[in-house]
Amino acid sequence: PNIEADFTYAMNNLPTSQSDVGRANKYAAEAFLAKAYMFESKFAAAKPLLADLISEGVTPNGLKYKLINFADNFNPATNHGTDAESIFSCQMSVNDGSGAANANAGDVLNFPYSATSPGTCCGFYPPSFSLVNAFKTDPETGLPDPDHYNDVDMKNDQGLSDTDPYTPYTGTVDPRLDWTAGRRGIPFLDWGIMPGKSWIRNQGSAGPYVPMKNSYYQAEAGVDTDKSSWTSGYTSNNYSFIRFADVLLWAAEVEVQVGSLDQAQTYVNMVRNRAADPTGWVKALPGGANYNGYAANYFIKPYPEGYFTSAGQSRSMTLVQFERRLELAMEGHRFFDLVRWGIADVALNAYVAHETTVSGYVLLNGAKFTKGKAEYFAIPQSEIDGSTIAGKPTLTQNPGY
């Protein structure tokens, strides 16, 4: 209740715009209140807030928020100040005399592990086999396949060296894949074609893929990266806590919950139509694969009219959940979505079961998600001790710890 009250007060008292770039406005508070309601399954309460946020971008008078070029959400050169998709971002700054104190330090370990790659260190947070597989599309319809995407892994270079012959996957894929995960044979921003194993710290614990949304362009080195610290990985790449696509997919989820399946599909298709715009696809480079000027066999379509209604409520929810996985991949939302949907144990244990079948990949051997425990961290004992009033702690440990 206190969280709801804080966000409600902020929503009712903050201005609709701020002169300081990045400062929270009315709509940031409204979005966080809607997010709180989503986590409480208060869909009727979230619905008007999300509708108001969407009206700021898609109605005839809407001016504030819109879907921009997908890749521009993750580019320091384009996500500062003028990013119309960001409803609330953590603002980052470099080369400002602070010694990188205002830079994006959270991503500094999550660059490819190579002297010739962005950041040069350290190879953590790699995309999984299951995530990359999710971006496969049906070659006839351009739609995802939530049921069978993981039956066969997308072709990859696990176990191969850079010099071993290799041709990237030739099947149809969602174009958001190659702005999300770096894979061998495909351009990685403006760094050229991703070479493969030499950019991987250890394939046994990382697999063949590298993250991309946190990376910077080679042309921006020294401008959008810090010049003074031990690594060039400190960047001015903002972290967007809530962007307009997130709001649209929350709204789609709400519409499924209240039975408005056609409207839910409309919101999902707004996100998919942005992804289907070829102006935002990765272009082919000389020496790499070339599919009519693009780097891979990109094929994505919106859901056809009446698809959600024909599919029914349960299936429509699965499709919305899968779309969130694709759109927001590697942005830190997935685990918390799985927890609030109540399916974390099923989804993550299935994920472990799949990843541990990959030859040479050992990171998740023995991993298990324990329902009723692993949804939450342990409360530090020092916090429990510090909560003591009249000799009795007011905090109690979470179950299972």
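This is a predicted model: local features need pLDDT of at least 70, side-chain atom pairs count only at pLDDT 80 or more; totals for chains, interfaces and linings use all residues.
Reader: How many residues apart in sequence are the parts that the pair of Trp191 and Tyr216 ties together?

Author: Trp191 is buried at a relative accessible area of 17%, and Tyr216 is buried too, at 2%. Trp191 belongs to the loop between strand 2 and helix 5, whereas Tyr216 belongs to the loop between strand 3 and strand 4, so the pair ties together parts whose separation in sequence is 25 residues.

Reader: Is the pair of Tyr303 and Phe308 stacked or edge-to-face?

Author: Both Tyr303 and Phe308 are buried. Their ring centres are 5.3 Å apart and their planes stand at 70°, and because planes over 60 degrees apart fall in that class, the pair of Tyr303 and Phe308 is edge-to-face.

Reader: Over which ring does the charged end of Arg201 sit?

Author: There are two such arrangements to describe here, and in one of them the charged end of Lys155 sits over the ring of Tyr166, 5.3 Å from its centre. For Arg201, the charged end lies 4.5 Å from the centre of the ring it sits over, and that ring belongs to Tyr113.

Reader: Which residue forms a salt bridge with Glu327, and are the two side chains' residues buried or exposed?

Author: A search of the whole structure finds 21 salt bridges. The N to O distance is 2.8 Å and the partner is Arg176; Glu327 and Arg176 are both buried.

Reader: Which parts of the chain does the salt bridge of Lys213 and Glu331 tie together?

Author: The side chains of Lys213 and Glu331 meet at 2.7 Å, N to O. Lys213 is buried at 8% relative accessibility, and Glu331 is buried at 8% as well. The pair ties together parts that are 118 residues apart in sequence, namely the loop between strand 3 and strand 4 and the loop between helix 9 and helix 10.

Reader: Which residues does the network of salt bridges that share partners join?

Author: Arg272 and Glu323 meet in a salt bridge of 2.9 Å, N to O, and both are buried. Arg272 lies in helix 7 and Glu323 in helix 9, so this pair ties together parts 51 residues apart in sequence. Salt bridges that share partners join one network, made up of Glu85, Asp174, Arg176, Lys213, Arg243, Arg272, Arg274, Glu323, Glu327 and Glu331.

Reader: What accessible area do the residues of the nonpolar patch on the surface have together?

Author: Leu109, one of its members, is in the loop between strand 1 and helix 4 and is partly exposed at 38% relative accessibility. Together with Phe124, Tyr125 and Trp230, Leu109 forms a nonpolar patch with an accessible area of about 440 Å².

Reader: Which residues is His354 in contact with, leaving aside its neighbours within four places in sequence?

Author: His354 lies in helix 11 and is buried, with a relative accessible area of 13%. Leaving aside neighbours within four places in sequence, the residues in contact with His354 are Phe129, Ser130, Asn133, Asn150 and Asp153.

Terms used: Residues are numbered from 1 along each chain as its sequence is written. Side-chain values use heavy atoms; hydrogens and water are left out. Helices (H or I, at least four residues) and strands (E, at least two) are DSSP runs, numbered from the N terminus. Buried means under 20% relative accessible area, exposed over 50%, partly exposed in between (1.4 Å probe, protein chains only). Rings of Phe, Tyr and Trp (its six-membered ring) pair if their centres lie within 6.5 Å; planes under 30 degrees apart count as stacked, over 60 as edge-to-face and the rest as tilted. A charge sits over a ring if NZ of Lys or CZ of Arg is within 6 Å of the ring centre and within 35 degrees of the ring normal. Patches are made of residues with over 30% relative accessible area and no salt bridge: like charges are joined within 9 Å, nonpolar side chains (Val, Leu, Ile, Met, Phe, Trp, Tyr) within 5 Å. Accessible areas come from the Shrake-Rupley method with a 1.4 Å probe; for residues, only the protein chains shown count as cover. A salt bridge is a side-chain nitrogen of Lys or Arg within 4 Å of a carboxyl oxygen of Asp or Glu. Contact means heavy atoms within 4.5 Å.
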